[in-house]
Amino acid sequence: MIKKKICLIGAFAAGKTSLVQRHVHSIFSARYYTTVGVRIEKKQLQIDEQDISLILWDLHGEDDFQSVQMSYLKGASGLLFVVDGTRRGTVEIAAKLRDRARSAVGPVPTVIAVNKVDLDRLWEIRARDLDTLAEDDTPLFFTSAKTGESVDPAFRELAKLTLNRP
Amino acid sequence: MTDFASKADPAPPPDNLDQWRQLRSLIVGPEREHIEAVQALLDDPVLHAESISTALPDAITLASERSDRLAEALQPSIDGALRASVRRDPAAIADAIFPALGPGIRKAVTAAITRMVQSLNRVLTEGLSLRSLRWRWQAWISHRPYAEIVLLHHLVYRIEQLLLIHRSSGILLAKAATESTEPRDPDQVAGMLTAIQDFVRDAFGTSEGEVMHAFETDAGQAVWIETGPEATLAAVIRGTPPLHLRAQLQKMLEEIHLLFRRKLDTFDGDPSPFRLVQPKLEEALSFEIRDPAPRSRAPAWIAASAGVLAAVTWISMTIGEHRRWNHFLELVRAEPGIVVLEADKRGATWELTGLRDPISRDPAVLLDRAGIPREAVTATWSTYFAADDDLAARRATARLHPPESVALEVVKGTLMLSGSATHDWIARARRDAGSIVGVDAIDFERLEDTQARALEHVRQSLERSVLYFERARGQPSPGQEDAIDTIETLVREAQQLSRHTGVPLRIVIVGHADPTGARDFNHELSNRRALSVLRLLETRGVDTTSVSVSQAALPASSSPSAATELAALRKVTFSVLLGNQSRS
Ligand SMILES: Nc1nc2c(ncn2[C@@H]2O[C@H](COP(=O)(O)OP(=O)(O)O)[C@@H](O)[C@H]2O)c(=O)[nH]1
Ligand SMILES: [Mg+2]
């Protein structure tokens, strides 16, 4: 069983916790989350016959009051950036966090989830809005924590990328 | 004025110059070449270094043998170099000396602890002479060695879990846990411990090298954390661990670093190499210990000065107060789970310090009984877990919530349960009893599992049940509805009890036939009868995976029998196999 540390990063209320909690149930109380700023969940997958445990660090979102603690990123094998498709501003926040994360952990496999795709009437993000964030080779998923759409594929892709790393 | 020329070497006379040169080269020629060679050596840094390097080791050895001057001379440069190196990358040096650092620090800490223990011993022997007398008395009346009594009264602790965690990623590398305390998801716990450490470091601005060493959980466990350069060892401990445990954990972590340095360095998510650490961790779990008893005797002068102190204190209070107070102290000291370390009068109030087991009686009640107003006393209790049987029994009762049908007692550390209880309760008690402080063994011999007993009853009833058949017929004769209902209920009940108790079950429907008629036909008939009952149960919705059919051996056909006797042979009976039987 391979274990990989994965950090979920993004603006406050983008849906990080919802994406993680779709499949797993927390053994920790919400108190830790707000005080310590992170909660750890686990997700088990099988990639090409290889069992892999993603240890998911759900980092409390970036807003005016709470900034993401970069020390939580160390030792991460992959990053999942979460953007809220109904709030254009969250792309910029994610891009900023991406730059900070890079300087903290260097280049690690990255996947972007543009979340809340079920809310099409409130959708704000156009393709070119994502240019600042998504580089050519960064896989992009349009997810919904509510319906489950593309959630598993996003995690699987990230798991695959972490395994293929030399 | 000074004449410079007069100080210079006399110049050779010009006409003799050649001769002079010749002469000089004759006399000092070889030396001169030599000097030039030496000069070249000194001028050329490479050659110079080379020649010194061959001589240097011997020179240093010689110099050190003769005096400390070389060391003294070198010290500032070495200090400077180390300081510069540490400033550039503190981690490199710290990591390099981590395995070596431990023993040195431990030595210093051990010395400090020894001193502390000695002074604590003094306090104990001074303050507890009464108690030790009581123990000697206990030892005498119970015919047990004094040491054993002291041990029984002593602190206990137990390491419930050990987690080895990769430091930077927080990924769990290896773990060990006592059976009853397996953490719900050790991977998540490991990550969270790491996050909390990071959090504390960030929140309180401590530097990279300083990390959190311990915290307590709501459940009254202590979590001790040892941090090395690449890995962290976390121990979940119940009870009151002695300080030397810290050193043991450190040592274990250092060994792990020595053995797994490369694996830790290059760790990329595959914890399998760390399987080898597992036995080491498991071994550590087993040191559940009673701390060694304080033995040292107070020196005479301390006893004497304690006597003087007592006299002074005694004079300064009224006789009645004194008596009430003494009475109270007697009560407290007789109370299991309370250890008084110091009792002093400060101004108008008494001050009491000691150890108290959370399960023990509230000392305030004893104050009431001794007639001392509660506000006249301030007490400071530190938590400890006493190993007294009485307290262990109380703790066990609080933990296990035994039903009224169960009698619980602890005798010399063995938890004895008798009476009867449900299977679930017994399973839970078996699981939880191990982590009760003061319980070293369990004895459930005299405890009956009510469901197992019920299953046995059902088995007997089912094995007494019979269904009868007409001649040559495969279906039960009519009018046996009630019997079939009962059988269905018994089968269902047996299955449910089997599921509940985990006792494997197999029910065999056995077909019988009378001896009249052809043997083969009877054989087949027996089988048909058993199968028809099986179908019957199936149509009633009974799960028949644990039910099978067979035929009884045919009775001998020799003696001609009465019709009623033959009718009694045309039947189906049941045989119920429990436990291992059910598999064969
Ligand atoms: N409709 C919809 N709502 C979502 C989705 N994901 C999250 N939410 C909602 O968005 C809010 C913030 O989600 P949360 O997971 O707490 O965000 P976090 O701060 O990034 O962890 C919550 O009210 C969620 O119910 C989604 O895919 N669709
Ligand atoms: Mg969240």
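Chain A puts 25 residues into its contact with chain B, and chain B answers with 23 residues, where contact means heavy atoms within 4.5 Å. This is a predicted model, in which local features need pLDDT of at least 70 and side-chain atom pairs count only at pLDDT 80 or more, while totals for chains, interfaces and linings use all residues. Residues are numbered from 1 along each chain as its sequence is written, chains are lettered from A and ligands numbered from 1 in the order in which they are written, and side-chain values use heavy atoms, with hydrogens and water left out.

Back to the interface. About 2,200 Å² is buried between chain A and chain B, with carbon and sulfur atoms giving 57% of that area; buried area is the accessible area (1.4 Å probe) that two parts lose on being put together, summed over both. There are also 9 residue pairs in polar contact between the two chains, both residues being at pLDDT 80 or more. A polar contact is a pair of N or O atoms within 3.5 Å; within protein, one must be able to donate a hydrogen and the other to accept it, and residues adjacent in sequence count only if both atoms are side-chain atoms.

On the side of chain A that touches chain B, the elements giving two or more residues are strand E1 (2-10), helix H2 (30-36), strand E2 (38-47) and strand E3 (50-59). Helices (H or I, at least four residues) and strands (E, at least two) are DSSP runs, numbered from the N terminus. E2(A) supplies the largest share, 5 residues.

Now for the charges. Side chains of opposite charge can pair when their charged atoms come close. The interface holds 5 salt bridges, each a side-chain nitrogen of Lys or Arg within 4 Å of a carboxyl oxygen of Asp or Glu. Lys74(A) pairs with Asp198(B), with the closest N and O atoms 2.9 Å apart. Lys3(A) and Asp187(B) form a salt bridge too, at 2.7 Å between the closest N and O atoms. That pair runs from strand E1 of chain A to helix H7 (residues 186-204) of chain B.

Next, ligand 1. It is surrounded by 16 residues, the closest being Ala13(A), Lys16(A), Thr17(A), Ser18(A) and Ala145(A); the cut-off is a heavy atom within 4 Å. Helix H1 (residues 16-21) of chain A gives the most to this shell, with 3 residues. A polar side-chain atom of Lys16(A) sits 2.7 Å from an oxygen atom of ligand 1, and a backbone N or O atom of Gly15(A) lies 2.9 Å from a ligand oxygen.
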